[in-house]
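Here are my notes on the model you sent. Please read them with the structure open.

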Amino acid sequence: MAAPPLGLACRVAGAFTTPAVAHSGFRPRRLGPGLLPSKRWSGVVRMGAVVGGGQEGEEDEELRQTKEQAAARRRWETLIREQKIKTLTPREAGYTFKLTDKALLDVRPSNERQKAWVKGSTWIPIFDVDTSVDLGGLSKKVSNFVMGGWWSGSSTLSFNKNFVQQVEEKFSKDTDIILVCQKGLRSLAACEQLYNAGFENLFWVQGGLEAAEEEDFEREGSQPFKLAAIGGVSEFFGWTDQQRRQAAKEGLGYRLVFTGRLVGALVLLDALFLGAQRIGPLLQEMQPH
């Protein structure tokens with residue numbers, strides 16, 4: 001099976017059961033194609049690449065991306081249907097990691113990993129935050145910020161070309177490896193990369209850590225798993241879907257924190273507006289007649 005095109009990779013961003021698990025009645029789950037990440041690709045990491053050539057060039061690029069995404073989806077459905085990649089829910093993954101010798105490989109970028117991670121997991125990102133300072137890298141960062149990064153806090157990511165090599169240096173190819181990311185898409189892409197490289201026993205965590213409950217894994221880090229990928233203005237004011245769900249669980253105290261931030265921001269804006277109104281006439285008076 002051919003590896004996914006690098007162009008797609010730059011946009012996404014085990015077979016054996018131990019006696020303890022067998023005794024518990026646990027079995028890897030089969031996943032139907034309908035349960036793969038949405039066809040709308042809402043979980044796809046958008047790299048914010050700048051495509052030149054005007055509208056025609058943009059349309060050609062969009063068509064190419066659509067074809068690559070559809071091809072990747074078909075490959076992933078086949079790998080899962082043929083049980084070449086096994087599927088676990090977050091709860092099953094946490095249970096298996098605690099009670100067996102399977103490795104847990106976190107493939108999220110550093111900005112998500114540093115907020116919350118599973119204790120004892122191994123971190124090798126398939127995408128990571130783009131730290132390049134050349135013209136192309138800066139252009140992508142500006143485009144990402146203008147297209148919504150200021151609101152969502154999303155970072156410009158780059159594909160880790162050494163991902164497979166780094167995994168090979170850490171694990172033998174017969175190791176049982178559970179792969180996890182934030183929402184489940186990047187880890188599925190990582191599973192395909194490793195399968196093509198000869199890894200035999202791969203487990204994919206459906207829905208990623210965002211679908212996990214806190215009791216599913218032993219967490220380290222300052223944030224709940226569900227909040228590890230949010231940021232920007234929306235996070236500051238508590239306006240993300242993840243925070244709304246968190247507020248429903250934690251109650252009034254959680255909501256008051258963000259209400260206070262919103263009130264403070266409104267007061268600050270009002271003060272700046274009034275200050276501008278007062279400074280304007282003063283500046284006019286200072287101008288020579």
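1. Start at Ser187. This is a predicted model, and in it the side chain of Ser187 makes a polar contact with the side chain of Trp204, at 3.2 Å. Ser187 sits in helix α8, which spans residues 185–196. Its relative accessibility is 0%, so Ser187 counts as buried.

2. Look next at what surrounds Ser187. Beyond four places in sequence, Ser187 is in contact with Val107, Leu179, Val180, Cys181, Trp204 and Val205.

3. Cysteines deserve a check. The structure holds 0 disulfides. Cys181 is buried, with a relative accessible area of 1%. Cys191 is buried too, at 0%.

4. Now the nonpolar packing. The largest nonpolar core has 30 residues. Leu105, Phe163, Val167, Leu179 and Leu194 have the most contacts inside it. Elements that give two or more residues to this core are α3 (54–81), β2 (103–106), β6 (157–159), α7 (163–170), β7 (176–180), α8 and β8 (201–205). Which element gives the most to this core? That is α8, with 6 residues. In soluble globular proteins, nonpolar side chains tend to be buried together.

5. Leaving out residues up to four places away in sequence, Leu194 touches Leu105, Phe163, Val164, Val167, Leu179, Phe199 and Leu202. Leu105, Phe163, Val167 and Leu179 are also among the residues with the most contacts inside the core.

6. There is a second, separate core. It has 15 residues, including Val118, Phe203, Phe217 and Phe225.

7. Confidence needs a caution. The protein chain averages a pLDDT of 76, and 64% of the residues score at least 70. Over residues 1–28 the pLDDT is below 50, although the model gives this stretch 77 contacts beyond near neighbours in sequence. Residues 30–34 also stay under 50, with 9 contacts beyond four places in sequence. Where pLDDT is low, the predicted coordinates should not be read in detail.

Definitions and conventions: Residues are numbered from 1 along each chain as its sequence is written. This is a predicted model: local features need pLDDT of at least 70, side-chain atom pairs count only at pLDDT 80 or more; totals for chains, interfaces and linings use all residues. Side-chain values use heavy atoms; hydrogens and water are left out. Helices (H or I, at least four residues) and strands (E, at least two) are DSSP runs, numbered from the N terminus. Buried means under 20% relative accessible area, exposed over 50%, partly exposed in between (1.4 Å probe, protein chains only). A polar contact is a pair of N or O atoms within 3.5 Å; within protein, one must be able to donate a hydrogen and the other to accept it, and residues adjacent in sequence count only if both atoms are side-chain atoms. Contact means heavy atoms within 4.5 Å. A disulfide is a pair of cysteine sulfur atoms within 2.5 Å. A nonpolar core is a set of buried Ala, Val, Leu, Ile, Met, Phe, Trp, Tyr and Cys residues joined through side-chain atoms within 4.5 Å. pLDDT is the predictor's confidence in each residue, from 0 to 100.
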